[in-house]
Amino acid sequence: MLDIDLSPRGNSSATHGAPPPTPLAVPHEPLYEKASETMLAALGFTTVGLFLLLTMTRRVSVLVALVLLPVLAALAGGFGAELGPVVLEGLSTVAPTGIMIAFAVLYFSLMVDAGLFDPLIRVILRIAGNDPRWVAVGTAVLTMCVALDGDGASTFLITVSALLPVYKRLGMRPLVLTGVVCLGAGVMNMVPWGGPTMRAIAALKLDSSEIFTPVLPAMGLGIAWVLVASYLIGRRERHRLGALGVPVPRDEAERDTSAQVSGDGPGTMRAPASRRTWLTAFNLTLTAVLLVSLVLELMPLPVLFVLGFAIALLVNHPTWEQQQAVLDRHAKSVVLVTTMIFAAGVFTGVLSETGMISEMARALVSVVPASLGGHLPVLVAVTGMPLSLVFTPDAYYYGILPVLAETAGAYGLAPAEVARAAVLGQMTTGFPLSPLTASTFILVGMSGVQLGRHQRFIFGWAFATTLVMTAGALLTGAFTL
């Protein structure tokens, strides 16, 4: 964990209520003496600046920048002899996170393939009927359930393909669909295997429970707000429509939706109808047990997902051929995610072990007014969502968050507080709006909505979600004012 003392395997004493260690202490003295303090700070800022420049202009891939830039910086600082151990230390600290992410993606991808959410879609449409208010609320509920897999792309694919025909039949604007899906997916993106929390864990070398568990109450408030906001958006859409036209028969809407979401198509393995009923019940029970165990921290998260996926794979696909097909189908997404995690381990490992992060924080402390230093978590939370329109999630979490966390440490704040604040703001409600996130274009492209209209329509609601969750985090002590 990247803490104030830069000990990757240490625990933050500030997090557990003990007095914090001396701000910006440096444990690796032999490495640190290789370069002057000024040179270390300059190397750190140069590395981060080049990372932002190269990734935002798409000169190189994020993975290449995460690995090569810190290595070059370490060589320039005279740390060539220690480069191997430093990189290995960074890789070892993110290994549990990489394992968790890999098996979480596999698990929820399997659940989507198995049609776990199909009954929920039918129930939502049956309850919502033809009322735009409840259709919007149902859209939010469906989005938040599907978004449990932590993958924005799959969430948008499932929800838009399922509900766009319903919106068109009722005369509701696709803009409402993209807006409500944006709100629901943004809040659920806080799960430990989702983008923001995953990156924060990897960048600061924290445990997932240090970031996710304290913000659960704030996340609950965010979910409640999304339901209220969806109802208000739906009510406004109902007023716009005035009197509805000829109602769509519910069974027709359900039949069309079921066909689109069930995944009955080429290359998709589906159990026979007789077996699918009890499999759905089993998958629902297994998922509920897994999520409860996650919240109660009955086992480490990597262990929970390894066991959960193995059990789900055996029950849903009992033959060797079927199991191999599942792994082959989802291998690409797993590799893309896990390689990014380990590349981030190289980046943060080099910058922390060589003392660059520490000296960058010292430089920032010298220019940040003392009156604002103690309020850094709140500032990070409030400004995070607008900044998501400017910075890619990788640039923010891997390039900026470590410096913010170390700066906060100088004021006696635990890095975990800044991480929680970043997760509440940056990319949580901003990622479905950002032009720098590829999945955003899946959402607006499938819906036929222009990105600019989508941003103008939902920005205020999304920012309000961030404010609600920030207030909840302050009230529950996730971070301090």
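1. Basis. Residues are numbered from 1 along each chain as its sequence is written, and side-chain values use heavy atoms, with hydrogens and water left out. Because the model is predicted, local features need pLDDT of at least 70 and side-chain atom pairs count only at pLDDT 80 or more, while totals for chains, interfaces and linings use all residues.

2. Helices here are DSSP runs of H or I with at least four residues, numbered from the N terminus.

3. Helix H4. The end C-alpha atoms of this 31-residue helix are 43 Å apart, in agreement with the 45 Å that H4 should span at 1.5 Å a residue; the expected span is 1.5 Å times one less than the number of residues. H4 has a kink of about 40° at Val94, shortly before the proline Pro96, the bend being the angle between axes fitted to the seven residues ending at a residue and the seven starting there.

4. Helix H3. The 15 residues of H3 (residues 62-76) reach 21 Å from first C-alpha to last, close to the expected 21 Å. Buried positions in H3 include Val62, Leu66, Leu69 and Val71, where buried means under 20% relative accessible area, exposed over 50%, and partly exposed in between (1.4 Å probe, protein chains only). Gly78 follows H3 and has a positive phi, near 90°.

5. Aromatic pairs. Six aromatic pairs are found in a search of the whole structure. One of them, Phe459 with Phe463, is stacked, at 6.3 Å centre to centre and 10° between the planes. Rings of Phe, Tyr and Trp (its six-membered ring) pair if their centres lie within 6.5 Å; planes under 30 degrees apart count as stacked, over 60 as edge-to-face and the rest as tilted. Both residues belong to helix H22 (residues 451-476) and stand four residues apart, about one turn of the helix. Phe459 has a relative accessible area of 30%, so it is partly exposed; Phe463, at 22%, is also partly exposed.

6. Glu210. This residue lies in helix H10 (residues 208-211). Glu210 counts as buried because its relative accessibility is 11%. Its C-alpha atom is separated by 9.2 Å from that of Ala419, 209 residues apart along the chain.

Terms used:
Helix = DSSP H or I, 4+ residues; strand = E, 2+ residues; numbered from the N terminus.
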